[in-house]
Amino acid sequence: MEEEMDSLMHNQTWDLVKLPIGKATLKNKWVYRLKEEDGGKQRYKARLVVKGFAQKKGIDFDEIFSPVVKMTSIRTILSLVAAEDLHLEQLDVKTTFLHGDLEEEIYMQQPQGYEVKGKEKLVCRLKKSLYGLKQAPRQWYLKFDKFMSEQGYTRCHSYHCVYLKKQNDGSYIILLLYVDDMLVVGSNTQEINVLKRKLANSFAMKDLGAAKQILGMRITRDKKIRKLTLSHNEYIQKVLKRFNMHNAKPVSTPFASHFKLSKEMCPKTQEDMDYMSKVPYASAVGSLMYAMVCTRPDIAHVVGVVSRYMNNPGKEH
């Protein structure tokens, strides 16, 4: 919590002011988690989160959409890395959303346990975006996009989280952005290091070195034969454990050809409906869908089939 408050103070996230008449304050809360880092180490993490569900459109926020890099872009660039034997580096932005500048006038209560003595009645006038605010991802993206264009990078016209810069010697650097995760690709290590330094000067960054994992996917490389492999093994094991399927036997095909699903299998009695209401069907399909989009296109057909019955699934589904 001290670390989080230091970040907030260092970023000059808010000013303490008297609440203007007619203005409302947003509440906040502390969120704690144990973050597992590469190598199995666990790190304690505390985050101050605004209760953004109380925000009102037109008053506290306007637009909230924020783009992220698509899996097709990641796969395309990684295939380029393997074919041309390029350097693949990974960066992580600390306290990502704290970097975004706010356009709206938003007031928040002082964080619990960190009220300033003698100023308990004052509120925080937010200058920077905070976790939980509806516009926080968009404000971070706008700030980052502006930074990249200032460095001479061109944003890809079709995929707004892919940035490219061509060097005088014919080499190039590509940067992929997924909220706070970045992949940097290039043939010239000096140019990559220049970009890293500029990023570190503008944002609180963590240099993770050669990319080993992105979005739950393990990246393994064999430079001799120019091969790069993506594996979702750890994610899939977690999903199986979550839905109590970790002891189930594997099969060679995800869907037997003689097995047909239909809406006739949907629950008819109240008893069946009550039973199925406790089954996390949508969560299971969503988890499979993520694996399908990232690394397992072989299950695309069966995920498509089970997705048809999201509204009212039965036991057979």
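Let me start with Glu-120, where a polar atom of the side chain lies 3.0 Å from the backbone nitrogen of Gly-118. Please keep in mind throughout that this is a predicted model, and that the distances I quote are computed from it. Glu-120 is found in the loop between β6 and β7, and if we set aside residues up to four places away in sequence, Glu-120 touches Gln-110 and Glu-115.

Gln-110 lies in the loop between β6, residues 107-108, and β7, residues 123-126, and its side chain reaches the backbone nitrogen of Val-116 at 2.9 Å. Is Gln-110 buried or exposed? Its relative accessibility is 9%, and because anything under 20% is called buried, Gln-110 counts as buried. Its neighbours, again not counting residues up to four places away in sequence, are Leu-16, Asn-28, Glu-115, Val-116, Lys-119, Glu-120, Leu-122 and Cys-124.

Of the 317 residues, 38% count as buried. If we take the contacts with a separation of 6 or more, residues 24 or more positions apart account for 69% of them.

Next, the packing of the helices. As a reminder for those new to this, two packed helices are described by the angle between their axes and the distance between the axes. Helix α7, residues 281-294, and helix α8, residues 300-307, pack at an angle of about 155°, with their axes 10 Å apart. Why do we call this pair roughly antiparallel? The term is used for angles over 145 degrees, and α7 and α8 are therefore roughly antiparallel to each other. The crossing in which α7 passes α8 is left-handed. On the α7 side the residues that meet the partner are Tyr-281, Val-285, Leu-288, Met-289 and Met-292, and on the α8 side they are Ala-300, Val-303, Val-306 and Ser-307. Sorted by class, this contact of α7 with α8 has eight nonpolar residues, one polar residue and no charged residues.

Helix α7 has a further partner in α5, which covers residues 233-242; here the angle is about 170° and the axes are 11 Å apart. By that reasoning α5 and α7 are also roughly antiparallel to each other. From α5 the contact involves Tyr-235, Val-239 and Arg-242, and from α7 it involves Ser-283, Ser-287, Tyr-290 and Ala-291. What classes do the residues of this contact of α5 with α7 divide into? There are four nonpolar, two polar and one charged.

I would like to turn now to backbone angles. Most residues other than glycine have a negative phi, and with that in mind I will mention two residues. Arg-226 has a phi near 50°, a positive value in a residue other than glycine. Arg-226 lies in the loop between β14, residues 217-222, and β15, residues 227-231, and with 47% relative accessibility it counts as partly exposed. Asn-244 has a phi near 60°, which is again positive in a residue other than glycine. Asn-244 lies in the loop between α5 and α6, the latter being residues 270-277, and with a relative accessible area of 62% Asn-244 is exposed.

Asn-11 is found in the loop between α1, residues 2-10, and β1, residues 14-17, and with a relative accessible area of 15% Asn-11 is buried. Leaving out residues up to four places away in sequence, Asn-11 touches Thr-95, Leu-98, His-99 and Lys-128. Glu-37 lies in the loop between β3, residues 28-36, and β4, residues 42-50, and is partly exposed, with a relative accessible area of 27%. What does Glu-37 touch, not counting residues up to four places away in sequence? The answer is Arg-43 and Lys-206.

Methods: Residues numbered from 1 in each chain as written. Predicted model: local features only at pLDDT ≥ 70, side-chain atom pairs only at ≥ 80, totals over all residues. Heavy atoms only, no water. Axes fitted to C-alpha atoms, helices over the stretch in contact; angles between N-to-C directions. Helix = DSSP H or I, 4+ residues; strand = E, 2+ residues; numbered from the N terminus. Parallel < 35°, antiparallel > 145°, perpendicular 65-115°, else oblique. Left-handed = near helix turned anticlockwise from the far one by under 90°. Contact = heavy atoms within 4.5 Å. Nonpolar A, V, L, I, M, F, W, Y, C, P; charged D, E, K, R; others polar. Buried < 20%, exposed > 50% of the residue type's maximum accessible area, 1.4 Å probe, protein only. Polar contact = N/O pair within 3.5 Å; in protein donor to acceptor, adjacent residues only side chain to side chain.
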